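Hello,

Here is the structure I promised to pass on. Please open it first, then read my notes below.

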Amino acid sequence: MAKIHFLMKPPKDVYLAFSGGVDSVVLLHNLLRRGYKVTLLFVDHLNSFAQEELLFCGRIAAEYNLKYEVFKIPPFDKSTSLEAFWSTERNKIYQTRDKAVLVGHHLDDAVETYLMAACQGTNRLLDPVNRNVYRPMITNTKKAIIEYANKYQLAYLTDPTNLDPNFNLRNKVRLQLVGNVKACFPGIYTTVRRLTIQKYKSVTETS
């Protein structure tokens, strides 16, 4: 049975970082079923897919009678990689909000981050909670999220750049590395899930 588990219970009145992708759509569906008050937060990345995402966001907001807010990030300044630039600018927006911002990161994202960090010589996990940013679905696999969307016949968008290994490093890791790592270390997802839960517990126990 397709089911989504939350690692933590965020506050009941939240922003949801909403792109229209399957992750944010499934997270929205779960939040509404659990009685959360949700305001959609859309970040315009100024790319060719942004207008379609914005229209979809408006349609979903109207369907569920939700408020939504739109923010634009600055043009890419080439000071770092495009992925890192977008991530930094999104986080700046999230941190200016006066309540919790929920994002749809999942276990596959956490595994990719873990592998990228390890290959670059650091020991880093994707934070379950970072100040006011919460990742409640972080222990769920992408497969489980897609199964949930299919079960409830949820409409969502698929960004075509996700299938391009040359678009950014994360795509290359996802499309060309993760499968080989799983073949050598079948327990990689279990390991990252365990480490993520341990990290969350250590933070909550000391706060």
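Let me start with Tyr134, which is found in strand S6 (residues 133-134). Keep in mind that this is a predicted model. Tyr134 has a relative accessibility of 18%, so it counts as buried; the cut-off for buried is under 20%. What does Tyr134 touch, leaving aside its neighbours within four places in sequence? The contacts are Met8, Pro10, Pro11, Ala100, Val101, Leu102, Val103, Pro128 and Val129. Lys9 is 125 residues from Tyr134 along the chain, yet their C-alpha atoms are separated by 9.3 Å.

Tyr36 sits in the loop between H1 and strand S2 (37-44). Its relative accessible area is 8%, so Tyr36 is buried. Not counting residues up to four places away in sequence, Tyr36 touches Lys9, Pro10, Pro11, Lys12, Val14 and Leu31.

Next, the strand S5 and S6 region. Arg131 is found in the loop between strand S5 (129-130) and S6. Its phi is near 55°, a positive value in a residue other than glycine. Is Arg131 buried or exposed? Arg131 is exposed, since its relative accessible area is 65%.

Gln153 is another one to check. Gln153 is not a glycine, but has a positive phi of about 50°. Its place is in the loop between H5 and H6. With 73% relative accessibility, Gln153 counts as exposed.

Now the helix packing. Two packed helices are described by the angle between their axes and the distance between the axes. For helix H1 (residues 22-33) and H5, the axes come within 10 Å and cross at roughly 65°. The crossing of H1 and H5 is left-handed. Which residues meet there? H1 brings Val22, Asp23, Val26, His29, Asn30 and Arg33. H5 brings Lys142, Ile145, Ile146, Tyr148 and Ala149. By type, the residues of this contact between H1 and H5 divide into six nonpolar, two polar and three charged.

Thr113 lies in helix H4 (residues 107-119). Thr113 counts as buried because its relative accessibility is 3%. Beyond its neighbours within four places in sequence, Thr113 is in contact with Arg124, Leu125, Leu126 and Arg170.

Leu126 lies in the loop between H4 and S5. Its relative accessible area is 8%, so Leu126 is buried. With neighbours within four places in sequence left aside, Leu126 is in contact with His105, Asp109, Ala110, Thr113, Arg135 and Ile138. For a reference distance, take Leu126 and Tyr64: they are 62 residues apart along the chain, and their C-alpha atoms are separated by 30 Å.

Then the aromatic rings. How many aromatic pairs does the structure hold? There are four aromatic pairs. One of them is formed by Trp86 and Phe167, and that pair is tilted, at 6.2 Å centre to centre with 45° between the planes. This pair links distant parts of the chain. Trp86 is in helix H3 (residues 82-95), while Phe167 is in the loop between helix H5 (142-151) and helix H6 (169-184), 81 residues apart. Trp86 counts as buried because its relative accessibility is 13%. Phe167 counts as partly exposed because its relative accessibility is 29%.

Ser87 is found in helix H3 as well. Its relative accessible area is 38%, so Ser87 is partly exposed. Ser87 and Lys201 are 25 Å apart, C-alpha to C-alpha, and 114 residues apart in sequence.

Last, two charges over rings. The charged end of Arg34 sits over the ring of Phe6, 3.7 Å from its centre. Likewise, the charged end of Lys99 sits over the ring of Tyr15, with 4.9 Å to the ring centre.

Best regards

Key. Residues numbered from 1 in each chain as written. Predicted model: local features only at pLDDT ≥ 70, side-chain atom pairs only at ≥ 80, totals over all residues. Heavy atoms only, no water. Phe/Tyr/Trp six-rings, centres within 6.5 Å; stacked < 30°, edge-to-face > 60°. Helix = DSSP H or I, 4+ residues; strand = E, 2+ residues; numbered from the N terminus. Buried < 20%, exposed > 50% of the residue type's maximum accessible area, 1.4 Å probe, protein only. Lys NZ or Arg CZ within 6 Å of the ring centre and 35° of its normal. Axes fitted to C-alpha atoms, helices over the stretch in contact; angles between N-to-C directions. Left-handed = near helix turned anticlockwise from the far one by under 90°. Contact = heavy atoms within 4.5 Å. Nonpolar A, V, L, I, M, F, W, Y, C, P; charged D, E, K, R; others polar.
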